[in-house]
Amino acid sequence: MSRRNLTFVCQSCGAAAARWQGKCEACGEWNTLVEEGDGSGIGARPAGPGRAPRKGRKFVLEPLTGDSQDAPRLPSGMAELDRVTGGGFVRGSVLLLGGDPGIGKSTLLIQAAAALARGGHRSVYISGEEAVAQVRMRAERLGLADAPVELAAETSVEDIIATLSEGKTPRLVIIDSIQTMWTDAVESAPGTVTQVRGSAQNLIRFAKRSGAAVILVGHVTKDGQIAGPRVVEHMVDAVLSFEGEGSHQFRILRAVKNRFGPTDEIGVFEMTGLGLREVANPSELFLSERDLGSPGTAVFAGIEGTRPLLVEIQALVAPSSLGTPRRAVVGWDSSRLSMVLAVLEAHCGIKLGGHDVYLNVAGGLRIVEPAADLAAAAALVSSLANAPLPADAVYFGEVSLSGAVRPVAQAGARLKEAQKLGFARAVAPETARSEAPGQGFTMNPVEALVNLVSDIASRGEKSPGNQRRRPPEDG
Ligand code: TYD
Ligand code: MG
């Protein structure tokens, strides 16, 4: 007799345990172990006396080279989406799209499905969360009702696969969401890690077998992880995350993992009353609400993937009334902020121990590049000195622990984008000088952070902005 001896499964990492424990030994999370009907494995079928051991089937081994029929990639026609996937959906691949509830995942996918369907490709949208009428209503609102997308509200993976295996293979199948799917192969309740994993496994097998590109929508938990199993992330070919600040209309699509393309590209969208609009020139968007002439803002000339992106960094440094001053950062790494603050204290004579420090990247963008150090430092010092930075300047450069400003990659592309958007000078590492876009563009090279600090401080003493905290918009 086979005995099910592993019945508790961690809902965070998918590890199985024999007994209930408060803490998962595999991932260290607390209170994540849940009893599940069958924790014996992925999409497992109960092995038992009724099942005769199967004799292995022989298969053909293939060489690396070979002709693959049909275009292996299918561009969606939405340039920002294709940029992130690396040129379109790959045949037989499975993509997981994660994001907060209400961020616009369903909207993005119905738009992509409609675009493909209009291009003559069979695309199927399976909703496990909404009724067909609701999906239709959204499509109508987006002006997509005429697109020949095939719709269903279903949650049984077996039924879905049986339906899709009939007729012409769909090029795109959207499963919204994986957490609502369930498979007969495992006994647990829908939504549990074993079900999600089993369902995903079956859908992945279907994708590989049929050549359809399958997109799974995944919910994200409060702490930003795709809910339920991290294991699904390992199983799929690509993981995209759809992000945005609730109060902003900007949405950013980012590849977290991509077996067939880059992971550093971002796609930028704007949520409008008519669905998601692609933003081809994000710099213009991120700079559109600039607060010109006020202290504490610096424009960072960044690179996202292969695309230069200008974005405003805002800082507020104010005397603190707390014993331990506050450090808050949105859109940037907080340990990076601590490092820049430490360098300012140690090498530039700026004492911030009695100040609250807030740093914000405008527009809800999240920056990961170390090249933003210099712009962040400039914004911080500008706020502290109450000295507005020149409105026509961009900043980039990595700051080392010694206070030196270090070169960064793709300076030329950053400078060209700055010039294109009407900026006339760049405060940047010395090495960037050789890549200056030429005529009418001034390079202000800085070797050490302390030079920049004294520069800004002297502006502060002269600046009329020091008397009037907020100069008029046109000033
Ligand atoms: P939705 O795609 O349902 O989000 P998700 O699937 O990620 O949960 O999008 C829901 C939000 O988007 C909702 O708050 C309303 C907003 N929205 C618009 O602003 N414009 C639109 O055209 C649509 C369809 C939605
Ligand atoms: Mg949805």
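**Notes on a predicted model**

Reader: Is Asn 31 buried or exposed?

Author: Asn 31 is exposed, at a relative accessible area of 61%. The model is a predicted one.

Reader: And where is Asn 31 found?

Author: The loop between E2 and E3 holds Asn 31.

Reader: What is phi of Asn 31 near?

Author: Near 55 degrees, which is a positive value in a residue other than glycine.

Reader: What about Gly 22, which residues does it touch?

Author: Leaving out residues up to four places away in sequence, Gly 22 touches Glu 29, Trp 30, Asn 31 and Thr 32. Gly 22 is also in the loop between E2 and E3, and with 22% relative accessibility it counts as partly exposed.

Reader: How many residues apart in sequence are Gly 22 and Thr 32?

Author: They are 10 residues apart in sequence, and their C-alpha atoms are 7.6 Å apart in space.

Reader: Now the strands around that loop. What is the order in the open sheet of three strands?

Author: The order is E2-E1-E3, and the pairing is antiparallel. Strand E2 (16-17) and strand E3 (33-35) are at the edges with a single partner strand each, so each has one side without a neighbour in the sheet.

Reader: How many bridges between E1 and E3?

Author: Three, in the antiparallel sense, with E1 covering residues 8-10. Within that pairing, Val 9 has Val 34 of E3 as its bridge partner.

Reader: Change of topic. How many disulfides?

Author: The count is zero.

Reader: OK, hairpins. How many residues lie between E15 and E16?

Author: Two residues lie between them in the hairpin, and Gly 305 in the turn has a positive phi of about 70 degrees. Strand E15 (residues 297-304) and strand E16 (residues 307-319) run antiparallel and are joined by eight bridges. One of the pairings puts Ala 298 with Ile 313 of E16 as its bridge partner.

Reader: Which strand do seven bridges join to E16?

Author: That is strand E18 (residues 355-361), again running antiparallel to E16. There, Val 317 is opposite Val 357 in E18.

Reader: Aromatics next. How many aromatic pairs?

Author: The structure has one. Phe 242 and Phe 269 have ring centres 6.0 Å apart and planes at 80 degrees, so the pair is edge-to-face.

Reader: Where do the two residues of the pair sit in the chain?

Author: Phe 242 is in strand E11 (residues 238-243) and Phe 269 in strand E13 (residues 266-272), so the pair links distant parts of the chain, 27 residues apart. Phe 242 is buried at 3% relative accessible area, and Phe 269 is buried at 0%.

Reader: What lies over the face of Phe 396?

Author: Arg 414 does, at 5.5 Å from the ring centre.

Reader: Back to single residues. Is Ser 127 buried or exposed?

Author: Ser 127 counts as buried, at 2% relative accessibility. Its place is in strand E7 (residues 123-127).

Reader: And what lies 2.9 Å from a polar atom of the Ser 127 side chain?

Author: The backbone nitrogen of Glu 130. Not counting residues up to four places away in sequence, Ser 127 touches Val 135, Ala 152, Ala 153, Glu 154 and Asp 176.

Reader: Asp 176 again: is the peptide bond from Asp 176 to Ser 177 cis or trans?

Author: That bond is cis, and omega is near 5 degrees. Ser 177 belongs to the loop between strand E9 (172-176) and helix H5 (193-210).

Reader: What is phi of Asn 386 near?

Author: Near 55 degrees, a positive value in a residue other than glycine. Asn 386 is in the loop between helix H9 (373-385) and strand E19 (393-395). Asn 386 is buried, with a relative accessible area of 11%.

Reader: Last, the whole chain. How many helices and strands?

Author: The protein chain has 11 helices and 23 strands. It has 475 residues, of which 50% count as buried. Of contacts between residues at least 6 apart in sequence, 67% join residues at least 24 apart.

Notes. Residues numbered from 1 in each chain as written. Chains lettered and ligands numbered in written order. Heavy atoms only, no water. Pairing = 2+ DSSP bridges. Helix = DSSP H or I, 4+ residues; strand = E, 2+ residues; numbered from the N terminus. Disulfide = S-S within 2.5 Å. Buried < 20%, exposed > 50% of the residue type's maximum accessible area, 1.4 Å probe, protein only. Polar contact = N/O pair within 3.5 Å; in protein donor to acceptor, adjacent residues only side chain to side chain. Contact = heavy atoms within 4.5 Å. Phe/Tyr/Trp six-rings, centres within 6.5 Å; stacked < 30°, edge-to-face > 60°. Lys NZ or Arg CZ within 6 Å of the ring centre and 35° of its normal.
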